[in-house]
Amino acid sequence: MPERRIEQISLQQLFTIKKGNSKYTKKYCHFHKGEYEVYTGTTIGKFASIDTYEYSEPHLTYTTDGVYAGTVEIIKDSKYNIGGHRAVLIPIDDSLDINYFKHTLRAVFKKKVKEGSVPSLTWSNIKTTLVPVPVDANGNYDLLEQQRIADQYKRVEAKKEILRAKYHELRESYITIAEDDRNYMEVPLNQLFDFKRGGNCTRAFCNQHKGEYPVWSANTIKPLAYVDFYDYDGRYISLSRNGIAGKITILEGRFSINEDRFLLVPKVDNVHYDYIRYVLEPVLRAKKKGRSGHNGENEFTKLSFTILNNTKIMMPVLDNGEYDIEAQKEYAQKYGKAYEIKREICLILESIISTEVIVG
């Protein structure tokens with residue numbers, strides 16, 4: 001078997017760079033609509049298609065700036081264009097396999113991205129970076145070995161894709177705990193809560209009334225802004241009306257909400273908020289309308305106010321017909337433990353999927 005070894009070679013000895021064409025703006029593409037796709041910095045969704053093309057062969061490319069800076073992809077369309085925020089790496093030697101470098105450069109580029117308000121990866125900062133390349137006994141690039149390694153990477157990626165699909169399926173799933181032999185009643189949501197809509201608190205309005213009290217909008221992670229007034233003081237169940245519609249958040253303290261959020265104000269005392277959250281959110285998420293996405297990524301869905309009036313949930317009840325608060329607490333604890341197990345499994349899958357495998 002002929003001797004094979006790995007040499008560290010700089011990127012500028014392996015590739016020449018060709019920057020994407022910055023003329024392909026949204027405006028330009030609008031006036032030149034056609035069938036040939038324009039690939040730019042984004043790696044999610046489609047940017048535009050125009051009536052001309054610049055490339056007709058597969059090319060190794062990477063995103064130069066923005067959220068996806070350093071992302072390496074091979075574009076294999078028969079005819080296409082490269083826009084701004086993306087660059088093409090053209091092999092200097094015919095014995096360099098772009099499939100091998102697609103995998104090899106991903107980990108390298110990820111480490112080289114310059115963080116900041118706009119993350120970036122410039123050729124001047126990476127051109128001297130050393131990259132492992134298989135060579136034969138004569139010191140020539142070993143194309144067959146590159147192809148063998150690339151094929152191994154391909155098999156690893158296929159297994160990761162299966163895991164990724166299972167991960168998203170698990171993240172987006174809801175847990176259902178079977179009812180026991182207690183008494184249950186299907187109850188309209190409007191018998192349990194009054195529904196409150198948020199006010200018209202825009203960013204501009206909030207900037208004129210800066211203060212210490214949060215204004216919650218569609219975002220379930222952080223407030224839209226902080227203002228010098230509040231509309232509610234206490235603990236409430238709230239849900240997003242737009243964005244990731246139907247997602248429930250329990251809000252506490254003094255706060256306000258804007259028109260992208262609903263608030264549920266209890267009409268009765270014996271309702272357990274965590275129980276309501278666990279059983280209600282899957283029902284509401286099933287009623288959402290609009291553009292969905294994995295785990296809320298790139299999602300924009302809506303939930304109308306009238307849907308709340310038509311929503312029912314199962315409530316455990318006592319023999320006298322009152323809502324069983326102790327049963328709700330017990331179920332909430334079971335749901336909490338089940339979702340914690342789910343979260344731990346998801347973290348393990350995330351770790352496996354994000355691990356960079358080095359194939360040799």
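1. Charges first: Lys and Arg count as positive and Asp and Glu as negative, while His and the chain ends are not counted. The place of a charge is taken as NZ of Lys, CZ of Arg, CG of Asp or CD of Glu. On that basis the protein chain carries 52 positive and 48 negative side chains, with the centres of the two sets 4 Å apart.

2. A word on what we're looking at. This is a predicted model, where local features need pLDDT of at least 70 and side-chain atom pairs count only at pLDDT 80 or more, although totals for chains, interfaces and linings use all residues. Residues are numbered from 1 along each chain as its sequence is written, and side-chain values use heavy atoms, with hydrogens and water left out.

3. Overall dimensions. The radius of gyration of the protein chain is 27 Å, whereas a compact globule of 360 residues would come out near 21 Å; the radius is taken over C-alpha atoms, and the globule rule is 2.2 Å times the number of residues to the power 0.38. Along the principal axes, the C-alpha atoms fill a box of roughly 90 × 50 × 40 Å.

4. Make-up and surface. I see ten helices and 20 strands in the protein chain, where helices (H or I, at least four residues) and strands (E, at least two) are DSSP runs numbered from the N terminus. Of the 360 residues, 42% count as buried; buried means under 20% relative accessible area, exposed over 50%, and partly exposed in between (1.4 Å probe, protein chains only). The accessible surface comes to about 20100 Å², with 49% of it belonging to carbon and sulfur atoms. Those areas come from the Shrake-Rupley method with a 1.4 Å probe, and for residues only the protein chains shown count as cover.

5. Contacts along the chain. Take contacts (heavy atoms within 4.5 Å) between residues at least 6 apart in sequence: 68% of them join residues at least 24 apart.

6. Two strands pair if DSSP finds at least two bridges between them. Strand β2 (residues 15-19) runs antiparallel to strand β8 (residues 86-91) over five bridges, with Phe15 opposite Pro91. Strand β5 (residues 59-63) is also antiparallel to β8, through four bridges, and Leu60 has Leu89 as its bridge partner there. Another four bridges tie β5 to strand β6 (residues 72-75), again antiparallel; in this pairing Leu60 stands opposite Ile74.

7. How β5 is covered. Five of the five residues in β5 are buried. Both faces are covered, with His59, Thr61 and Thr63 buried on one side and Leu60 and Tyr62 buried on the other.

8. A three-strand sheet. This one is open, in the order β15-β19-β18, and its pairing is antiparallel. β15 (242-243) and β18 (289-291) stand at the edges with a single partner strand each, so one side of each has no neighbour in the sheet. β15 meets strand β19 (residues 300-302) over two bridges, and Gly243 is opposite Thr301.

9. Two residues on α5. Gln146 sits in helix α5 (residues 143-172) and is buried, at 0% relative accessibility. Neighbours within four places in sequence aside, Gln146 contacts Ser95, Leu96, Asp97, Tyr100, Phe101, Pro134 and Tyr141. Asp151 is in helix α5 too, but counts as partly exposed at 37% relative accessibility. The C-alpha atoms of Asp151 and Val359 are 9.8 Å apart, though 208 residues separate them along the chain.

10. Gly199. This glycine lies in the loop between β11 (193-197) and α7 (203-207) and is partly exposed, with a relative accessible area of 32%. Not counting residues up to four places away in sequence, Gly199 touches Ile257, Asn258 and Glu259. Pro58 is another matter: the C-alpha atoms of Gly199 and Pro58 are separated by 52 Å, with the two residues 141 apart along the chain.

11. One backbone angle to check. Most residues other than glycine have a negative phi. His85 has a positive phi of about 70° although it is not a glycine. His85 is placed in the loop between β7 (80-82) and β8, and its relative accessible area of 45% makes it partly exposed.
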